[in-house]
Amino acid sequence: MSQVAGEMQAALHPRDVAPRTQCLPPYREPKHSWLGILEKRPQERDLTVLWFLCPGTVFSLACHPAGTLASLWRCLLSTCVFTMQKMAVHKKRCLKFIVFLLPMVLAGVYCGTSLPVWTTQAKAQREDLTWASAAETKMLRNLHTFLTEQTQKLQLLLEEVAQLGAEISSLKKERQEMNQAALELASEVYVGRSDWALKSSGATIDMQRTSKTYDCKENWVCRVLWFFRAPNPPDTILQPDVSPENCWPLQGHQGQVVIRLPARVHLTAVSVQHIYKEVSPSGTVISAPRDITVFGVDADREEETLLGTFMYNVAKEAIQTFPLKDAHRAFSHIKLIVKSNWGNRAYTCIYRVQVHGKMAKPESLN
């Protein structure tokens, strides 16, 4: 560097330096420009090499601006001074050199002044992009978490809807089954509770196997009252009229009645009816039957099958139904035996008897 400075000083004062033309060979232009640079005189060669190294200095300025800025401007100033001096000596050659060197100097100055700005802008943009990327990443993660939660909730809702659909289908099926059962039960009740002991339906009393009607010859009050009205016959119990005194009085506190049914029936229950104490003409119900036994009778075979024994309770409802045993066969007659009443030793009043069951099918008649 000191040698270059000395040569630059000598170039500024050429009279103080001894001429070298006596010891140097004649100067010739090289064929190639790059080799010519190396074969030039020391002052010109050092200047040219210096400017080939100047772009590296400019790029180093972008990385270390504080350390190289002063050196760069000193070098530029020295170069400009040297160039102006050389222009006076070699105008054409310096003009070409300036035309070649000026774009590089301008490019170096532009890069040296713009690179820090670009670096700052690039850093700011990188920070902005990093922040935006982090914010977008966080937003995407939150969105993914939200969508995952909503998907799980939707899945749970779909499962609940499917479960509710299954329960609704089950409830509909149960409702249909209940309706069917209710219809069947109603049909069974209607058929089972149908009265096969109605006189209007063809039921009759077997008088030969039925107890006698009460005769009140010994009671003069009864004879006075019945002088104007005959006692009710046994088939009174086969009619729906249960008004007070419209009953069949059988002789004594024990007796029986055999009812001929209009068809062969699988017997299921029997109902016995009396009046309430409050509507009784005598103010009592001691003539009501108490212990009753029921038999199924086959008239052709004269066989009797016990179907049940029960007690009629005057403290309960006026009409009371009692289930019968299943004999697995149909009967054409039913026999009721009254074993006792509620205290009247003279007679027992029966208002109505109903027989319930299902009519036998034609193939089971035999």
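1. R329 is partly exposed, with a relative accessible area of 23%, where partly exposed covers the range between buried (under 20% relative accessible area) and exposed (over 50%), taken with a 1.4 Å probe and protein chains only. The model is a predicted one, in which local features need pLDDT of at least 70 and side-chain atom pairs count only at pLDDT 80 or more, while totals for chains, interfaces and linings use all residues. Residues are numbered from 1 along each chain as its sequence is written, and side-chain values use heavy atoms, with hydrogens and water left out.

2. R329 forms a salt bridge with D298, the closest N and O atoms being 3.1 Å apart; a salt bridge here is a side-chain nitrogen of Lys or Arg within 4 Å of a carboxyl oxygen of Asp or Glu. This pair links distant parts of the chain, since D298 belongs to strand β4 (residues 291-298) and R329 to the loop between β6 (319-323) and β7 (331-338), 31 residues apart. Strands are DSSP runs of E with at least two residues, numbered from the N terminus. D298 is buried, at a relative accessible area of 3%.

3. R329 also meets E303 in a salt bridge, at 3.7 Å from N to O. Because E303 lies in strand β5 (residues 303-311) and R329 in the loop between β6 and β7, the pair ties together parts that are 26 residues apart in sequence. E303 counts as partly exposed, with a relative accessibility of 38%. R264, D298, E303 and R329 are linked in a network of salt bridges.

4. Which side chain does E304 meet in a salt bridge? The partner is K335, at 3.2 Å from N to O, and because E304 lies in strand β5 and K335 in strand β7, the pair ties together parts that are 31 residues apart in sequence. E304 is partly exposed at 42% relative accessibility, whereas K335 is buried, with a relative accessible area of 12%. By the stated rule, the count comes to seven salt bridges.

5. On the cysteines, a search of the whole structure finds zero disulfides, a disulfide being a pair of cysteine sulfur atoms within 2.5 Å. C247 is in no disulfide, and the nearest cysteine sulfur, that of C349, is 3.1 Å away. C247 counts as buried at 6% relative accessibility, and C349 is likewise buried, with a relative accessible area of 8%.

Technical notes:
Helices (H or I, at least four residues) and strands (E, at least two) are DSSP runs, numbered from the N terminus.
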